[in-house]
Amino acid sequence: MAFPTLVPSSRTFTPGNFPQKVFKSQSGSETRVLYGDKETDAKLSLGYKNLSDTESDDFIIHFRSVKGTYSTFQLNAVGNTHAKGGWTGDTDAIGKPAGTKWRYAQQPKITSVRPGISNVKVDLVAVL
(Lines give C-alpha, C1' and ligand atoms only; values in the text may rest on other atoms or scores of the structure.)
Protein backbone atom coordinates (compact mmCIF):
# COMPACT_ATOMS: atom_id res chain seq x y z
CA MET A 1 0.00 0.00 0.00
CA ALA A 2 1.23 3.52 -0.82
CA PHE A 3 1.44 6.35 1.69
CA PRO A 4 -1.96 8.13 1.87
CA THR A 5 -2.43 10.73 -0.86
CA LEU A 6 -3.93 13.43 1.35
CA VAL A 7 -2.46 16.94 1.37
CA PRO A 8 -1.25 17.84 4.89
CA SER A 9 -2.64 20.82 6.80
CA SER A 10 0.79 21.45 8.31
CA ARG A 11 4.34 20.35 7.65
CA THR A 12 7.60 20.64 9.57
CA PHE A 13 10.76 19.72 7.68
CA THR A 14 14.24 19.54 9.18
CA PRO A 15 17.00 18.91 6.61
CA GLY A 16 19.48 16.18 7.35
CA ASN A 17 23.17 16.65 7.93
CA PHE A 18 26.27 15.12 6.39
CA PRO A 19 27.74 12.20 8.34
CA GLN A 20 30.82 13.33 10.19
CA LYS A 21 32.93 12.68 13.23
CA VAL A 22 34.33 15.48 15.40
CA PHE A 23 37.61 14.99 17.22
CA LYS A 24 38.43 17.54 19.94
CA SER A 25 41.81 17.91 21.56
CA GLN A 26 42.38 18.92 25.16
CA SER A 27 43.36 22.38 23.94
CA GLY A 28 39.92 22.81 22.37
CA SER A 29 40.94 22.60 18.73
CA GLU A 30 38.85 20.30 16.62
CA THR A 31 39.16 18.24 13.48
CA ARG A 32 36.19 16.96 11.50
CA VAL A 33 36.13 13.94 9.22
CA LEU A 34 33.37 13.80 6.61
CA TYR A 35 32.06 10.25 6.08
CA GLY A 36 29.77 10.78 3.11
CA ASP A 37 28.52 13.17 0.47
CA LYS A 38 24.79 12.77 1.15
CA GLU A 39 22.56 14.18 3.85
CA THR A 40 21.08 11.70 6.29
CA ASP A 41 18.48 11.78 9.05
CA ALA A 42 16.16 14.47 7.66
CA LYS A 43 12.88 14.70 9.54
CA LEU A 44 9.40 15.37 8.20
CA SER A 45 6.37 15.88 10.42
CA LEU A 46 2.98 16.00 8.71
CA GLY A 47 -0.26 17.17 10.32
CA TYR A 48 -3.69 16.43 8.90
CA LYS A 49 -6.76 18.16 10.32
CA ASN A 50 -10.43 17.21 10.21
CA LEU A 51 -10.08 13.86 8.46
CA SER A 52 -12.90 11.35 8.34
CA ASP A 53 -12.40 8.14 10.27
CA THR A 54 -11.90 6.32 6.96
CA GLU A 55 -9.13 8.73 5.91
CA SER A 56 -7.51 8.44 9.35
CA ASP A 57 -7.58 4.64 9.04
CA ASP A 58 -5.43 4.91 5.90
CA PHE A 59 -2.46 5.97 8.04
CA ILE A 60 -2.88 3.02 10.39
CA ILE A 61 -3.22 0.63 7.47
CA HIS A 62 -0.10 2.06 5.80
CA PHE A 63 1.88 1.98 9.07
CA ARG A 64 1.04 -1.71 9.50
CA SER A 65 1.73 -2.50 5.82
CA VAL A 66 5.35 -1.28 6.16
CA LYS A 67 5.78 -3.13 9.48
CA GLY A 68 5.70 0.00 11.63
CA THR A 69 9.04 1.74 12.01
CA TYR A 70 10.90 -1.14 10.37
CA SER A 71 10.49 -0.75 6.58
CA THR A 72 11.03 2.21 4.28
CA PHE A 73 8.85 3.70 1.56
CA GLN A 74 8.99 6.55 -0.96
CA LEU A 75 6.99 9.75 -0.80
CA ASN A 76 7.94 11.01 -4.24
CA ALA A 77 6.74 8.01 -6.24
CA VAL A 78 4.31 8.75 -9.08
CA GLY A 79 0.93 9.63 -7.64
CA ASN A 80 2.40 9.91 -4.17
CA THR A 81 3.57 13.52 -4.05
CA HIS A 82 0.74 14.73 -1.83
CA ALA A 83 2.93 14.81 1.30
CA LYS A 84 4.60 17.80 -0.39
CA GLY A 85 1.24 19.28 -1.46
CA GLY A 86 0.84 22.94 -0.62
CA TRP A 87 4.62 23.46 -0.62
CA THR A 88 5.38 26.31 -3.03
CA GLY A 89 9.15 26.01 -2.79
CA ASP A 90 11.36 23.59 -4.69
CA THR A 91 9.57 20.26 -4.34
CA ASP A 92 12.93 18.51 -4.57
CA ALA A 93 14.13 20.36 -1.44
CA ILE A 94 12.17 17.85 0.60
CA GLY A 95 13.59 14.42 -0.04
CA LYS A 96 17.10 15.21 -1.26
CA PRO A 97 19.16 13.38 -2.34
CA ALA A 98 17.27 11.63 -5.12
CA GLY A 99 16.08 8.20 -4.11
CA THR A 100 15.61 9.13 -0.46
CA LYS A 101 13.27 6.77 1.32
CA TRP A 102 11.31 7.41 4.48
CA ARG A 103 10.35 5.37 7.50
CA TYR A 104 8.07 6.14 10.39
CA ALA A 105 9.90 7.64 13.36
CA GLN A 106 7.01 6.49 15.56
CA GLN A 107 3.39 5.44 15.30
CA PRO A 108 0.90 7.87 13.72
CA LYS A 109 -1.02 9.84 16.34
CA ILE A 110 -4.76 10.12 15.84
CA THR A 111 -6.76 12.59 17.93
CA SER A 112 -10.53 12.49 17.83
CA VAL A 113 -11.98 15.99 17.34
CA ARG A 114 -15.63 14.99 17.30
CA PRO A 115 -17.50 11.83 16.30
CA GLY A 116 -16.27 10.72 12.88
CA ILE A 117 -13.61 13.45 12.58
CA SER A 118 -9.95 13.21 13.65
CA ASN A 119 -6.60 14.94 13.39
CA VAL A 120 -3.55 12.85 12.44
CA LYS A 121 0.14 13.55 13.04
CA VAL A 122 2.84 11.53 11.26
CA ASP A 123 6.58 11.77 11.98
CA LEU A 124 8.98 10.44 9.34
CA VAL A 125 12.77 10.06 9.11
CA ALA A 126 14.71 9.97 5.82
CA VAL A 127 17.06 7.09 5.10
CA LEU A 128 19.20 6.30 2.08
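Ser45 touches Ser10, Arg11, Thr12, Lys121, Val122 and Asp123, not counting residues up to four places away in sequence; touching here is contact, meaning heavy atoms within 4.5 Å. This is a predicted model, where local features need pLDDT of at least 70, side-chain atom pairs count only at pLDDT 80 or more, and totals for chains, interfaces and linings use all residues. Residues are numbered from 1 along each chain as its sequence is written, and side-chain values use heavy atoms, with hydrogens and water left out.

**Confidence**
- Mean pLDDT (the predictor's confidence in each residue, from 0 to 100) is 86 for the protein, and 82% of its residues reach 70 or more.
- Elements are DSSP runs numbered from the N terminus: helices are H or I with at least four residues, strands E with at least two.

**Ser45**
- Ser45 is found in strand E4 and counts as buried at 16% relative accessibility. Buried means under 20% relative accessible area, exposed over 50%, and partly exposed in between (1.4 Å probe, protein chains only).
- Its side chain makes a polar contact with the side chain of Asp123, at 2.7 Å. That term covers a pair of N or O atoms within 3.5 Å; within protein, one must be able to donate a hydrogen and the other to accept it, and residues adjacent in sequence count only if both atoms are side-chain atoms.

**Nonpolar core**
- The largest nonpolar core has 18 residues, and Phe3, Tyr48 and Leu124 have the most contacts inside it. Such a core is a set of buried Ala, Val, Leu, Ile, Met, Phe, Trp, Tyr and Cys residues joined through side-chain atoms within 4.5 Å.
- Strand E4 (43–52), helix H1 (53–65), strand E5 (101–104) and strand E7 (117–127) each supply at least two of its residues.
- Beyond four places in sequence, the contacts of Tyr48 include Phe3, Leu6, Phe59 and Val122.

**Aromatic pairs**
- The count comes to six aromatic pairs. Rings of Phe, Tyr and Trp (its six-membered ring) pair if their centres lie within 6.5 Å; planes under 30 degrees apart are stacked, over 60 edge-to-face, and the rest tilted.
- Phe63 and Tyr104 are edge-to-face, because their ring centres are 5.0 Å apart and their planes sit at 85 degrees. This pair links helix H1 to strand E5, 41 residues apart.
- Phe73 and Tyr104 form a tilted pair, 5.4 Å centre to centre with 45 degrees between the planes.
- Phe3, Tyr48, Phe59, Phe63, Phe73 and Tyr104 form one aromatic cluster.
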